[in-house]
Amino acid sequence: MTRRTGTARTGVALTAAVVAALLTACDDGGRTSPPLPPPSPSPSSGSPDAGGEAPSVPNPLDAASLTGDPCAALTEQQRSELGLAAGSVRESAETAGDACRWERTEDSLDLADLALVTENANGLSDIYGFEDRNDYFEPTEVAGYPAVYTGLIDNRDSGMCDLWVGVNDSEVLYILTNLASADTAEASCGLAADVAGAAISTLGG
């Protein structure tokens, strides 16, 4: 996987750090999930830099259904195909929305989280605006939708991957994977792309 230094964070209203804080909480059963990267600076650190503009979304999706129920992003059949158990919704006082966490059906500590980021006026382009602040920035495409692998710290070879997918001009799917059983970039980012692709299919993409 080619690396190039870069960034992505959500903007004044919501940053990748805030989302990460939401997604790294302990599970309801009291078991602490595998460690995740340390948090980024708070949203007060400023607005996105004047970076490049993300590719346009050719077929915008209505993702409103995920605002109150992010776990609806994956159907039971999709979860089964991905080897994920039923998800749990997690709330955060720091964000305006919810995230869903799915764990592997076996006791592996593997997990995948998904949140719909709605606080950016320019959707994925606001993620591009922070390119120069993050440790890696790799544009890609998922099921025909513009996306980017990017995070403050590059922990992909430790089984962690951050993927941001533009589903319309103002909303982004953020998928975070953390694999304890297969701590490689290919495995972690591959699962992130699979979860994103399944969610896009659910939304009608």
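Biologist: Among contacts in the protein between residues at least 6 apart in sequence, what share joins residues at least 24 apart?

Modeller: With contact taken as heavy atoms within 4.5 Å, 64% of these contacts join residues at least 24 apart. This is a predicted model, in which local features need pLDDT of at least 70 and side-chain atom pairs count only at pLDDT 80 or more, while totals for chains, interfaces and linings use all residues. Residues are numbered from 1 along each chain as its sequence is written, and side-chain values use heavy atoms, leaving out hydrogens and water.

Biologist: Why does Glu138 count as buried?

Modeller: Buried means under 20% relative accessible area, exposed over 50%, and partly exposed in between, with a 1.4 Å probe and protein chains only. Glu138 has 11% relative accessibility, so Glu138 counts as buried. Its place is in strand S4, residues 136-142, where strands (E, at least two residues) and helices (H or I, at least four) are DSSP runs numbered from the N terminus.

Biologist: What makes the rings of Tyr128 and Phe137 an edge-to-face pair?

Modeller: Rings of Phe, Tyr and Trp (its six-membered ring) pair if their centres lie within 6.5 Å, and planes under 30 degrees apart count as stacked, over 60 as edge-to-face and the rest as tilted. By this rule there are two aromatic pairs. The rings of Tyr128 and Phe137 have centres 4.9 Å apart and planes at 85 degrees, and the pair is therefore edge-to-face. Both Tyr128 and Phe137 are buried.
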